[in-house]
Protein chains: 2
Amino acid sequence: MAKKSSTYKDAGVDIAAADKLLEGLDRAIASTKQPWQVGGIGGFSGLFKAPSRGMKTPLLCACTDSVGTKVLLAKLLGKHDTVGIDVVAMCVNDMVVCGAKPLAFLDYFATGGIRQSVAHDVIAGVARGCRQAGCALIGGETAEMPDLYAPSEYDLAGFAVGVVDAARVLDGKQVRTGDAVLGLASTGVHSNGFSLIRKAFSKRELKGALGLRLLKPTRIYVRELLELQRNGLMTAAAHITGGGLPGNLPRCLPKGCSVRIDRRAWRIPAVFKHIQRKGSVTDEEMFRVFNMGIGMAVVCRPGKVERIRGILSKMKQRSYVIGEVVKGDGEVTM
Amino acid sequence: MAKKSSTYKDAGVDIAAADKLLEGLDRAIASTKQPWQVGGIGGFSGLFKAPSRGMKTPLLCACTDSVGTKVLLAKLLGKHDTVGIDVVAMCVNDMVVCGAKPLAFLDYFATGGIRQSVAHDVIAGVARGCRQAGCALIGGETAEMPDLYAPSEYDLAGFAVGVVDAARVLDGKQVRTGDAVLGLASTGVHSNGFSLIRKAFSKRELKGALGLRLLKPTRIYVRELLELQRNGLMTAAAHITGGGLPGNLPRCLPKGCSVRIDRRAWRIPAVFKHIQRKGSVTDEEMFRVFNMGIGMAVVCRPGKVERIRGILSKMKQRSYVIGEVVKGDGEVTM
């Protein structure tokens, strides 16, 4: 029997499908356009100019992150238009805590087989996240990898590049004991702890209202933090992701400092209590895995608290004074 | 019966393992250090200064790519120290074709469960690739995602940031009909076509010498192309990846140009013939999926060919005159 001639499509890789996908996303991608971009998407790489007006020594800033297993919940619910916002949020929130303005974003979307509608929703979500963060979607990679991923599964990672004046980098050195710690409200669990969530609840429990609440996209704090940064109001900031407040707050502190958190300063949202109850998780572990209602922490001089809270309130961002910087060895006590 | 208290580790995510991994890689990461880096790895994001001495308008350049299913071959052979070079190569080769110098790199390593030795080898390979490309490994993400990936499987993607003077961007506009097309030898299949390869051969056939040959890391052409660029010798360049010569050459051409390739100009390496025979793949499809021995194409004025070949030869890079630019509509004829 004669063997059939193989093509790459037989082997599970459809280059035409990837091209077609990009065509359908033209408008969404174009909507993220920024004045510092040079040329459009489609070359071998994306070009842009770092706007550095008024900066003495512009520094570039880059970071990468993924949505984690939140993508599995998206698949369970068949709702793929929010995880793109999450992946942008995970990167740009990490970036803005050092004082940098996100300029450009690239996504990495890997799947067992490109389903046009799923891929479209995911990447349109990335574009929406980029608009919220004020950065340009300058490129990305759509990788079709049969055998590594199941046909209907995908992973989503991202990469952001930004700029900050060297004189204004938030590197912890400005923090002093006595500084106040403000907590900015999260929109829910954001993009961390989904492995635990999927263990605490059955698939049936996750389908429906609870799943949709958990899928709510991660808050993007870029505009708020850049506004505080422009006004020189922050001494540090920390994006509260995996590791929670105790894992992430120390990353923005100088040596010799700890943080004392007042757990009564804010109300822990019901969704966390629900997870804790169903999963029989200790308080300590909950605070180590989840943001517990605080998606971003801002450190400032005590005298700036009211002005900061006023700015945030105008931008419709709830905030709480959740603690203060004390002498110590990088610990977070509750 | 009382339920056992859940921890994040029970749910399959071991944050301590990720931290331990990074400790063991300190030296490899430090070996990629470049003078433009600011601070070390470990903050929320990586900082660096774009060296722009002598540039009138420095532009930033960013791109992302992955190794594709070459990671599955690495797993089959239990050899994980080369795919890191591949992921750097895929990104920096894409970047250098627009004339940009890679400055910083970030990796995204996602797995079902962190195995210290595998993760160590993969990321040490990334560091080796960064050294070859002369760029700094400034950050990365190690994502542990039980359920999305099998415990022993992983995906590997990367992101590169570079800089180029606006006046020296290779955007195709410098290309004219009559320009010569030089082909730079590849080291083998590089990082494309592995879905087809895994279909053409059995797992047993891939274990051993053939598998090792296929696993050979992708050639990094950064130093060679930057040397040609410094001397103003190229009018364009194209990284030959998925899509092959016909898919990638047109991406570096201006409107109104095609390329005529002389297939007798170089000898197609035996490994491609072996794949073609075993997989019953047509000539056309082979050229659409594989680099067929040419990993990078450089376009130049005919008068520069000898000087370029001299420079490449000194750098131990084999090259061939494989074709010329002709009038046309972005086609590649053989």
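Buried residues make up 53% of the 334 residues in chain A. A residue counts as buried if 20 or more other C-beta atoms lie within 10 Å of its own, as exposed if 12 or fewer do, and as partly exposed in between, with C-beta atoms placed from the backbone. The model is predicted: local features need pLDDT of at least 70, side-chain atom pairs count only at pLDDT 80 or more, and totals for chains, interfaces and linings use all residues. Residues are numbered from 1 along each chain as its sequence is written, while chains are lettered from A and ligands numbered from 1 in the order in which they are written.

Chain A holds 13 helices and 12 strands. These elements are DSSP runs numbered from the N terminus: helices are H or I of at least four residues, and strands are E of at least two. The C-alpha trace of chain A spans about 80 × 50 × 35 Å along its principal axes. Among the contacts in chain A with a separation of 6 or more, 88% join residues 24 or more positions apart. Two residues are in contact if their C-beta atoms, placed from the backbone, lie within 7 Å.

The domain assignment divides chain A into domain 1 (15-37 + 55-168) and domain 2 (180-333). Such bounds come from an automatic or database domain assignment. The C-alpha centres of the two domains of chain A lie 23 Å apart. Across their boundary, 29 residues of domain 1 of chain A are in contact with 28 residues of domain 2 of chain A. On the domain 1 side, α3 (70-77), α4 (83-96), β4 (101-111) and α5 (116-133) of chain A each supply at least two residues. Helix α4(A) gives the most, with 9 residues. By class, this side of domain 1 of chain A has 15 nonpolar, 8 polar and 6 charged residues. Here Ala, Val, Leu, Ile, Met, Phe, Trp, Tyr, Cys and Pro count as nonpolar, Asp, Glu, Lys and Arg as charged, and the others, Gly among them, as polar.

Y221(A) lies in the loop between α8 (209-215) and α9 (222-230) of chain A. Y221(A) is buried, with 26 other C-beta atoms within 10 Å. Leaving aside residues up to four places away in sequence, Y221(A) touches N93(A), V96(A), L184(A), G295(A) and M296(A). Y221(A) and G295(A) are 74 residues apart in sequence, yet 8.8 Å apart in space, C-alpha to C-alpha.

M296(A) also takes part in strand pairing: in β10(A), M296(A) is the bridge partner of H239(A). Strand β8 (residues 236-239) of chain A runs antiparallel to strand β10 (residues 294-300) of chain A, and 4 bridges join them. Two strands pair if DSSP finds at least two bridges between them. Both faces of β8(A) are covered: A236(A) and A238(A) on one side and A237(A) and H239(A) on the other are all buried.

In chain B, 6 strands form an open sheet in the order β8-β10-β7-β11-β9-β12, with mixed pairing. Strands β8 (236-239) and β12 (332-333) of chain B are the edges, each pairing on one side only. Strands β9 (residues 257-261) and β11 (residues 319-327) of chain B run antiparallel and share 5 bridges. C257(B) stands opposite K327(B) in β11(B).

Helix α3 (residues 70-77) of chain B has K70(B), V71(B), L72(B), L73(B) and A74(B) as its buried residues. They pack against α4 (83-96), β6 (154-165), α6 (194-200), α7 (203-206) and α8 (209-215) of chain B. G78(B) follows α3(B), and its phi is positive, near 65 degrees.

Between the chains, 68 residues of chain A are in contact with 68 residues of chain B. Strand β3 (residues 58-66) of chain A gives the most to the chain A side, with 8 residues. That side has 36 nonpolar, 20 polar and 12 charged residues. Strand β2 (residues 46-48) of chain A and strand β3 (residues 58-66) of chain B run antiparallel, joined by 3 bridges. The bridge partner of L47(A) in β3(B) is C61(B).

A rotation of 180 degrees with 0.0 Å of shift along its axis superposes chain A on chain B (RMSD 0.0 Å). The two copies are thus related as by a two-fold rotation axis. Superposition is by least squares on the C-alpha atoms of residues with pLDDT of at least 70 in both copies. The copies meet through the same surface, because 100% of the interface residues of chain A are also interface residues in chain B.
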